[in-house]
Amino acid sequence: MALPKIYVALDCQTQEAADNLVSQLPAGKVGLKVGKELFTAIGPSWVKKQVEQGFSVFLDLKFHDIPNTVAKAVTSAAKIGVDIVNVHASGGTEMMSAARDALKQFDKPPLLIAVTVLTSMSDSDLAETGVQATAEQQVLKLAKLAQQAGLDGVVCSAQEARMLKRDLGTSFKLVTPGIRPANSAAGDQKRVMTPEAAIEAGVDYMVIGRPITQAADPTARVAEILASIGE
Ligand SMILES: O=C(O)c1cc(=O)[nH]c(=O)n1[C@@H]1O[C@H](COP(=O)(O)O)[C@@H](O)[C@H]1O
């Protein structure tokens, strides 16, 4: 079954807040993205419940550790039944390959996606960490590494989508946070794009948090965004 185009980032700290958000989202039309904030607060059993209730879940824990640890961590994530898991591409080829191999034991493994350069980072933020390349160059370099390691795709900003689809092929999946409908606050995101432009640029799955979760009416906001991308 095709995965939804939009994953809503449920960045909150209590089960009550998460349940409240989920109750306002159309199951089957959007997926749920559970990241470090919520997962650390309420754990895997709540995530499993969402999977059982029919939501597609992206478990965004951005694993970045030694190969053995990351392989075991993605195995635990796959056992929850989520559709997408991620690791940091900067963990290197050996780490990414170990994660890929660990998922071979599953009949329906989750998509294994590598984070390239966080959408909150600009060229100067990268330079500060010792990376001399531009964000775009670094995204391409890490995405090639991820593809060679046999991963299903990468997390990048929609600004790099055309380049990656051209250089790495259309079946290599692009998951893009940093999505901001026109007139919404960028917050800490630096490499942003509107949902319409992101779809045009060829992204496969968009992650959208605050523009939906902080909206006065999240249900209406989702409907508006889905309509804007023809879903
Ligand atoms: O892997 C991610 O999901 C991720 C990668 C990235 O480069 N940038 C990024 O913002 N994210 C996540 O995407 C979500 C974006 O949320 P908003 O900025 O509120 O739309 C957050 O939950 C981030 O943790």
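Asp60 is found in strand S3 (residues 57-63), where strands are DSSP runs of type E with at least two residues, helices are runs of type H or I with at least four, and both are numbered from the N terminus. The structure is a predicted model, in which local features need pLDDT of at least 70 and side-chain atom pairs count only at pLDDT 80 or more, while totals for chains, interfaces and linings use all residues. Residues are numbered from 1 along each chain as its sequence is written. The pLDDT, the predictor's confidence in each residue on a scale from 0 to 100, averages 97 for the protein chain, and 100% of the residues score at least 70. The model has an ipTM of 0.99 and a pTM of 0.97.

An unreviewed UniProt entry lists Asp60, Lys62 and Asp65 under "active site"; such annotations may be inferred rather than shown by experiment. Lys62, like Asp60, is found in strand S3. Asp60 is classed as buried because 25 other C-beta atoms lie within 10 Å, whereas Lys62 is partly exposed because it has 17. By this criterion, a residue is buried if 20 or more other C-beta atoms lie within 10 Å of its own, exposed if 12 or fewer, and partly exposed in between, with C-beta atoms placed from the backbone. Neighbours within four places in sequence being left aside, Asp60 is in contact (C-beta atoms within 7 Å) with Lys33, Val34, Gly35 and Asn86.

Two packed helices are described by the angle between their axes and the distance between the axes. Axes are lines fitted to C-alpha atoms, for helices over the stretch in contact, and angles run from 0 to 180 degrees between N-to-C directions. Helix H4 (residues 67-80) packs with helix H5 (residues 93-102) at about 35 degrees, the axes being 8 Å apart. In this contact, Pro67, Asn68, Val70, Ala71, Val74 and Thr75 of H4 meet Glu94, Met95, Ala98, Ala99, Asp101 and Ala102 of H5. Eight of these residues are nonpolar, two polar and two charged, where Ala, Val, Leu, Ile, Met, Phe, Trp, Tyr, Cys and Pro count as nonpolar, Asp, Glu, Lys and Arg as charged, and the others, Gly among them, as polar.

For helix H7 (residues 135-148) and helix H8 (residues 161-168), the angle is about 40 degrees and the axes are 11 Å apart. Glu136, Leu140, Ala143, Lys144 and Gln147 of H7 meet Met163, Leu164, Asp167 and Leu168 of H8. This contact comprises five nonpolar, one polar and three charged residues.

Notes
Two residues are in contact if their C-beta atoms, placed from the backbone, lie within 7 Å.
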